[in-house]
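The points are grouped by topic and follow the display below.

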Amino acid sequence: MLKPLRCALAISAALLCVNAFAAENNAIPVLPMDPALHAKLPAEIQQSGVLVSANNGSFPPYDIATGTNTLEGASADLALALGQVLGVKIEHVSVGTMSSILTGLSAGRFQMAIGPIGDYPDREAKNDFIDFVKEYVVFAVQHGNPAKINALSDTCGLRIAVMSGGSAEQVIHKQSDSCVKEGKPAVTVQAFSDQPTSILAVRSNRSDAFFSSQAPLVYFVNQTHGQLEIAGTGQANGFGDIFQGVVVEKNSAIGTALLAGFQKLFDNGTYAAIMKKWHLEGNMLPAPGLNLAKVK
């Protein structure tokens with residue numbers, strides 16, 4: 001998730017649309033355990049046969065809570081496949097906030113959070129990230145892109161919806177200041193509390209665009225059946241590289257095992273199959289990596 005850009009999705013709404021979004025008949029084959037990968041896990045995890053992963057159930061299509069401790073989405077599929085190759089069961093627990101996830105990791109209440117969670121240098125000080133996707137910040141616009149938004153610089157004088165308090169809101173305010181300095185109209189920044197409300201504002205023409213994280217935007221735009229589309233792709237749009245992945249404790253043997261497990265899923269095609277199932281081809285990485293936010 002973008003820091004602290006998150007999307008909110010009610011469980012009931014997720015239950016209605018999760019199956020419609022995922023490609024039909026896209027079952028992922030059961031994978032055999034890899035003894036060498038299993039041996040990388042700490043002895044206590046090998047003995048218990050369980051890894052506990054935290055989630056907040058609000059980052060579709062990766063992370064969609066369908067119950068207190070049940071999950072749908074790309075992250076759920078990846079966790080299942082990882083558990084198979086590592087020879088353990090990955091159990092999911094719902095945790096409300098990012099700070100609670102990081103505190104719980106430190107306290108040992110769970111061993112990982114599959115997320116994917118935004119990898120930032122300040123977070124790397126106390127945690128390791130096994131990055132498996134790259135995120136972008138783009139625009140959801142009406143079909144045909146009537147406002148002709150192809151980059152952040154095209155937003156002067158327009159009504160742009162954002163998630164309240166998120167990093168996209170900070171970027172769009174900065175862009176508005178740039179517009180004014182250039183003698184152009186300011187951006188009308190419309191901050192909303194959740195993703196569905198922001199999407200509705202664009203659909204009802206109360207906003208010209210919704211500026212947010214690409215992966216959930218693709219998810220929500222697909223629910224509009226062609227009324228909306230994605231714009232501004234392939235642009236930095238005020239952000240640097242945004243890597244996301246599993247977060248674990250710093251220098252954890254679990255992190256070493258997970259990185260090797262992800263590499264296995266990349267090599268055998270399971271990663272690509274899961275990402276394509278959930279329409280996440282645009283967020284794929286060529287290989288998993290450790291703490292990529294520091295790699296230039």
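In this predicted model, N237 has a relative accessibility of 4% and counts as buried, because the cut-off for that class is under 20%. N237 is placed in the loop between β12 and β13, and its phi is near 50°, a positive value in a residue other than glycine.

**Backbone features**

- N205 likewise has a positive phi in a residue other than glycine, with a value near 65°.
- The position of N205 is in the loop between α8 and β11.
- With a relative accessibility of 43%, N205 is classed as partly exposed, whereas N237 is classed as buried.
- P60 and P61 are joined by a cis peptide bond, for which omega is about 0°.
- P61 belongs to the loop between β2 (58-59) and β3 (63-67).
- G115 and P116 are also linked by a cis peptide bond, with omega about 10°.
- P116 is located in strand β6, which covers residues 113-118.

**Salt bridges**

- Side chains of opposite charge can pair when their charged atoms come close.
- The count of salt bridges comes to six, and among them are the pairs D241 with K134, D208 with R159 and K184 with E182.
- In the salt bridge between D241 and K134, the closest N and O atoms are 3.0 Å apart.
- D241 is exposed at a relative accessible area of 54%, whereas K134 is buried at 19% relative accessibility.
- D208 and R159 form a salt bridge through their side chains, with an N to O distance of 3.1 Å.
- Because D208 is in the loop between α8 and β11 (209-213) and R159 is in strand β9 (residues 159-163), the pair ties together parts that are 49 residues apart in sequence.
- D208 counts as buried at 18% relative accessibility, and R159 is partly exposed with a relative accessible area of 27%.
- K184 and E182 form a salt bridge in which the closest N and O atoms are 3.4 Å apart.
- K184 is partly exposed, its relative accessible area being 42%, while E182 is exposed, with a value of 52%.

**Helices α8 and α9**

- Helix α8 comprises residues 195-203 and helix α9 comprises residues 214-222; their axes come within 11 Å and cross at roughly 60°.
- The two helices are therefore oblique to each other.
- The crossing of α8 and α9 is right-handed.
- On the α8 side the contact is made by Q195, P196 and I199, and on the α9 side by P216, L217 and F220.
- Sorted by class, the residues in this contact are five nonpolar and one polar, with no charged residues.

- N291 lies in the segment after β14 (284-290).
- The relative accessible area of N291 is 11%, so this residue falls in the buried class.
- Apart from neighbours within four places in sequence, N291 is in contact with D119, E124, N127, D128, F129, D131 and K250.
- Between N291 and R123, which are 168 residues apart in sequence, the C-alpha to C-alpha distance is 9.7 Å.

- A76 is part of helix α4, which spans residues 74-86.
- A76 is buried, at 11% relative accessibility.
- When neighbours within four places in sequence are set aside, A76 is in contact with Y62 and L71.
- The C-alpha atoms of A76 and G166 are separated by 25 Å, and these residues are 90 residues apart along the chain.

Definitions and conventions:
Residues are numbered from 1 along each chain as its sequence is written. This is a predicted model: local features need pLDDT of at least 70, side-chain atom pairs count only at pLDDT 80 or more; totals for chains, interfaces and linings use all residues. Side-chain values use heavy atoms; hydrogens and water are left out. Axes are lines fitted to C-alpha atoms, for helices over the stretch in contact, and angles run from 0 to 180 degrees between N-to-C directions. Helices (H or I, at least four residues) and strands (E, at least two) are DSSP runs, numbered from the N terminus. Angles under 35 degrees count as roughly parallel, over 145 as roughly antiparallel, 65 to 115 as roughly perpendicular and the rest as oblique. A crossing is left-handed if the near helix is turned anticlockwise from the far one by less than a right angle, and right-handed if clockwise. Contact means heavy atoms within 4.5 Å. Ala, Val, Leu, Ile, Met, Phe, Trp, Tyr, Cys and Pro count as nonpolar, Asp, Glu, Lys and Arg as charged, and the others, Gly among them, as polar. A salt bridge is a side-chain nitrogen of Lys or Arg within 4 Å of a carboxyl oxygen of Asp or Glu. Buried means under 20% relative accessible area, exposed over 50%, partly exposed in between (1.4 Å probe, protein chains only).
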